[in-house]
Amino acid sequence: MAIATLDHRFTEFLLESNALKFGDFTLKSGRQSPYFINAGAFNDGRKIATLGAFYAEKIAEEIKAGRLPHDIDTVFGPAYKGIPLAVSTAIALTSGHGMQVGYTFDRKEKKDHGDGGMMVGTQLADGMKVLLVDDVMTAGTAVREVIPKLRAEADVDIVGLVLSVDRMEKTKDSDLSAVAAVEKEFGFPVLAIANVREIFEAGRNIVTADGQPYVTDAIKSAADDYLERYGA
């Protein structure tokens, strides 16, 4: 029996965790989407550990393929949603892949007592290789906000960004996807555990307890229409 692909296994996890929702959702971009990835669903130790293991597996794949360096110094997650991602990914890289790697996240406000500063965890220093992690990218706003913070701390080498899901949507002011726009602007790879087309394809072959596919014809049609309108 063939081993399920990473995107298929990740889709199963999204559905099992109730993180992949179908319906009518208003996104931060203002677009009305027939599907939504809810990062808040990863709300216990087992789920966040499993999520970190998926990120680590993707990172290990990309290191093997030569798209990421093997000597990453720290995994950075932007506050607040990126904090558990950075921590769980660093743990999974260490325990599951033998990589000695730190984790770092930013404070929303600079601390003026105790250890002070803007960063928590592995402190940034010139020349460090930093890998960013985040959940879902729609417009790339979060990464554009956090990169100046990182470079204000030290002359770090940002080696890439790993997402859980690439929504594959074009930006409001171009025909480039948000992922492609960030890659072009900053010069590092943006990689996702799965993209929405892979997720919907996998969802056609994953069934509910009553034997029905999670992604019905109606859901697939609504998703196709949405991507026809907004997809890059």
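**Figure 1. Salt bridges in the predicted model.** The structure, a predicted model, holds 12 salt bridges. Side chains of opposite charge can pair when their charged atoms come close. Three of these pairs are described in the views that follow: Arg144 with Glu185, Arg167 with Glu169, and Asp217 with Arg204. Mean pLDDT for the protein chain is 91. Of its residues, 95% reach 70 or more.

**Figure 2. Arg144 and Glu185 pair between helices H4 and H5.** The closest N and O atoms of this salt bridge are 2.8 Å apart. Arg144 belongs to H4 and Glu185 to H5, so the bridge ties together parts that are 41 residues apart in sequence. Arg144 is partly exposed, at 29% relative accessibility. Glu185 is also partly exposed, with a relative accessible area of 46%.

**Figure 3. The buried side of helix H5.** H5 spans residues 178-186. Its buried residues are Ala178, Val179, Ala181 and Val182. These four lie on the same side of H5, because they cover an arc of only 165 degrees around the axis. An α-helix has 3.6 residues a turn, so residues three or four places apart point the same way. The cover over the buried residues of H5 includes strand E6 (129-137) and helix H4 (141-153). Strands E7 (157-166) and E8 (190-195) are also part of that cover. Gly187 follows H5, and its phi is positive, near 80 degrees.

**Figure 4. Helix H6: cap and buried side.** H6 runs over residues 196-203. Asn195 caps its N-terminal end. A side-chain oxygen of Asn195 lies 3.0 Å from the backbone nitrogen of Arg197. Within the helix, Val196, Ile199, Phe200, Ala202 and Gly203 are buried. They sit on the same side of H6, because their arc around the axis is only 160 degrees. The packing partners of the buried H6 residues include three strands described by range here: E1 (20-26) and E2 (32-37), and E7 (157-166). Helix H1 (6-16), E8 and helix H7 (217-230) also pack against the buried residues of H6.

Figure 5. Asp217 forms a salt bridge with Arg204, and their closest N and O atoms are 2.9 Å apart. Asp217 is in H7, while Arg204 is in the loop between H6 and H7. The pair links distant parts of the chain, 13 residues apart. Arg204 counts as partly exposed, at 31%.

**Figure 6. A network of Arg31, Arg167 and Glu169.** Salt bridges that share partners join Arg31, Arg167 and Glu169 into one network. In the bridge between Arg167 and Glu169, the closest N and O atoms are 2.6 Å apart. Arg167 is buried, with a relative accessible area of 2%. Glu169 is buried as well, with a relative accessible area of 2%. Arg31 counts as buried at 8% relative accessibility.

**Figure 7. The surroundings of Arg31.** Arg31 is in the loop between E1 and E2. Its side chain reaches the backbone oxygen of Lys170 at 2.9 Å. Which residues does Arg31 contact, leaving aside its neighbours within four places in sequence? They are Phe25, Thr26, Glu169, Lys170, Thr171, Lys172, Tyr226 and Tyr230.

Figure 8. The peptide bond from Ala79 to Tyr80 is cis, with omega near 0 degrees. Tyr80 is placed in the loop between strand E3 (74-77) and helix H3 (82-97). Asn18, in the loop between H1 and E1, is not a glycine but has a positive phi of about 60 degrees. Asn18 is partly exposed, with a relative accessible area of 43%. Met168 also has a positive phi, near 60 degrees, in a residue other than glycine. Met168 is found in the loop between E7 and H5. At 19% relative accessibility, Met168 counts as buried, because the cut-off for buried is under 20%.

**Figure 9. Confidence by element.** Strand E4 (residues 102-111) has the lowest mean pLDDT among the elements of the protein chain, 82. Helix H2 (residues 45-65) has the highest, 98. Where pLDDT is low, the predicted coordinates should not be read in detail.

Key. Residues are numbered from 1 along each chain as its sequence is written. Side-chain values use heavy atoms; hydrogens and water are left out. Buried means under 20% relative accessible area, exposed over 50%, partly exposed in between (1.4 Å probe, protein chains only). Helices (H or I, at least four residues) and strands (E, at least two) are DSSP runs, numbered from the N terminus. The arc is that of the directions from the helix axis to the C-beta atoms. Contact means heavy atoms within 4.5 Å. A polar contact is a pair of N or O atoms within 3.5 Å; within protein, one must be able to donate a hydrogen and the other to accept it, and residues adjacent in sequence count only if both atoms are side-chain atoms. A salt bridge is a side-chain nitrogen of Lys or Arg within 4 Å of a carboxyl oxygen of Asp or Glu. pLDDT is the predictor's confidence in each residue, from 0 to 100.
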